[in-house]
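Please brief me on the model shown here. I would like the overall fold first, then the local details.

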Amino acid sequence: MRFEVQPSRITDAKLTVPGDKSVSHRALMLGGIAEGRTSVSGFLAGEDCLATLEAMSRMGITIARPAATELIVHGAGLQGLVAPTEELDLGNSGTAMRLMAGLLSGQNFTTVLTGDASLSLRPMQRVIGPLERMGATIESNAGRPPLIVHGNPVLRGIDYTLPVASAQVKSAVLLAGLYADGVTTVKEPAVTRDHTERMLVTMGAEVDRVSNRISLRGHQTLRGSDIAVPADLSSASFVMLAATLAERADVLITGVGINPTRTGVIDILQAMGASIGFENRRLFGAEPVADIRVRSSRLRGGVIDPALVSLAIDEFPVLFVAAAAAVGKTVFSGLAELRVKESDRISAMAAGLRALGIQVEEVEDGATVYGGKFIGGVVESHGDHRVAMSLAVAGTVATDTVVINDVATVNTSFPGFTSCLQQLGAAIR
Ligand code: S3P
C-alpha cells in the first residue's frame, strides 16, 4: 500500500480523530484483571489495540464489542487470567508487548509473546531486567522478542530507577507490582505519560506519586469502571500540522486528550509560532480533554528544549516536518530513544525529508533540520506508521506529488487517516 499526496488546499473543518492508543491498551488490560465489568467508549479500533484485545481474549477474558469503538470487558479479577493455548502475537505493538510482559510476570503460567518484523527488533531487556528482579523468568532472543514469560505467582516488590524515561517500562513494572508482595516503586528520570497511574486510581487502587517516584502496594483489587477514551493527541498532531502549514485554515479537532504528560508537541509547535488553543476543556474520567483550535501560521525554527522530549516522544516525526517547513534551522537533541521506535525515526525522517529537498544533518541523538520548500518525490515509510503520516502531511504543501511507500501500518494507530485528511481538503489517496 502507498499514499499519493498532491499539493492541497486545506480548508476550515471541524473533525475528530480516533481514540487514544495508550488509554485503549490499558483499558483492556486493567479491565481484564479488574472485578466486574468495564465499559469502554471511544476505543481505538487500530491493529495495535486489537492485538491486545485478542491476547486478553485468549487468556479467557470475555470482551463484547457492541460497536467498533465500544467494548464491554468482563473483568475476571487479578487471578482470573488463564494460560493461552498458543503464543500471543502482538503485531507491531511495543506497548502491548512491554505491558503484557509485566502483567504476565505475576501469573502461574508461561506465555510466549511474539510480534512482527519491526517489533522483533525492539529492545526488551529494559522490561526483562526489572521483571526478573521481581521474580519472573523471561527468555528472549538476546534481549529482543519473542519473549517467553515464565510467570511467578509470588513476585516481590522492588524499588526501581528507570534507566531510560519510558512509560511502557514504568507501566510494566507497576502491573507486575499489582501481583507482588510489598510495595513496588518506580523512579522516572523524566515525566512520562501517566495513563496507567490514572486508570489504576479510577479502578480504585491506591497509587502514590512523590516527585518522580510512583509507588503501589501489591494485591490491590481493581474495580471495573466506565472508561471514556479521549481522541488521541498523537493522531491529532498530524491534523494540527496540516492546518498550521495551510495557507489559511481554521480547524477544530474535538474531544482530544490533553493530559499534560502528552502535550509537549503543542508546547513545541507554539514556541515555533503555531496558533493552537484549547476550547471547552473538560474531563473524561481521569483524563483531561479539550477541543483543539488550530489556525494557519508561519513557523520559525529554533532549539528544541530536550526537557520536552518525553512529553512529545511520538511526535518527533511530525515535528521534523514542522521544522522542515519553518523559517530557519531547528536543532533537535535528546532523541536517542527515537532510534528504537517502530523504525529508526531519526534516520527514516532524515532520509524522507532529504528526498523532498530538505537539508538535514543527523547526529546520534538528534538532527538539525534546515527549513525549506518540499519538492515532490517518492519516499519510504520504513514500515513506520508515524513516518508515513508525517511525510503525507509534508506532501500537502509540496510543489509536486509525494508518494509514500509501505503505509499499511498506519492502521496500527490511525485507521481512517486518509479520510480524515480528505475532510481537511487534502488531496491524498
Ligand atoms: C507508550 C509509551 C511510549 C510511546 C508509545 C506508547 C505507552 O513509549 O512511544 O507509542 O502507551 O506507554 P516509551 O514509554 O517506551 O517511550
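The points below run from the whole chain to single residues.

This is a predicted model, in which local features need pLDDT of at least 70, side-chain atom pairs count only at pLDDT 80 or more, and totals for chains, interfaces and linings use all residues. Residues are numbered from 1 along each chain as its sequence is written, and side-chain values use heavy atoms, with hydrogens and water left out.

**Overall shape and surface**

- The protein has 13 helices and 25 strands. Helices (H or I, at least four residues) and strands (E, at least two) are DSSP runs, numbered from the N terminus.
- The C-alpha trace spans about 60 × 40 × 40 Å along its principal axes.
- Buried residues account for 60% of the 429 residues. Buried means under 20% relative accessible area, exposed over 50%, and partly exposed in between (1.4 Å probe, protein chains only).
- The accessible surface is about 15100 Å², and 50% of it belongs to carbon and sulfur atoms. Areas come from the Shrake-Rupley method with a 1.4 Å probe; for residues, only the protein chains shown count as cover.
- Of the contacts between residues at least 6 apart in sequence, 74% join residues at least 24 apart. Contact means heavy atoms within 4.5 Å.
- There are 38 positive and 43 negative side chains, and the centres of the two sets lie 4 Å apart. Lys and Arg count as positive and Asp and Glu as negative; His and the chain ends are not counted. Each charge is placed at NZ of Lys, CZ of Arg, CG of Asp or CD of Glu.

**Aromatic pairs**

- Rings of Phe, Tyr and Trp (its six-membered ring) pair if their centres lie within 6.5 Å; planes under 30 degrees apart count as stacked, over 60 as edge-to-face and the rest as tilted. By this rule there are five aromatic pairs.
- F238 and F417 pair edge-to-face, at 6.1 Å centre to centre with 80° between the planes. F238 sits in helix α7 (residues 233-245) and F417 in helix α13 (residues 417-423), so the pair ties together parts 179 residues apart in sequence.
- F238 is buried at 1% relative accessibility. F417 is buried at 2%.
- F414 and F417 also form an edge-to-face pair, at 5.3 Å centre to centre and 70° between the planes. Both F414 and F417 are buried.
- Ring pairs join F3, F238, F414 and F417 into a cluster.

**The loop around R300**

- R300 lies in the loop between β19 (287-295) and α9 (316-325). It is partly exposed, at 48% relative accessible area.
- Leaving out residues up to four places away in sequence, R300 touches A271, M272, G273, A326 and V327.
- R300 and L283 are 17 residues apart in sequence, yet 33 Å apart in space, C-alpha to C-alpha.

**Backbone details**

- A cis peptide bond joins P145 and P146, with omega about -5°. P146 belongs to strand β9 (residues 144-150).
- S211 is not a glycine, but has a positive phi of about 45°. S211 lies in the loop between β14 (207-210) and β15 (213-217) and is exposed at 60%.
- H382, also not a glycine, has a positive phi of about 55°. H382 is partly exposed at 46%.
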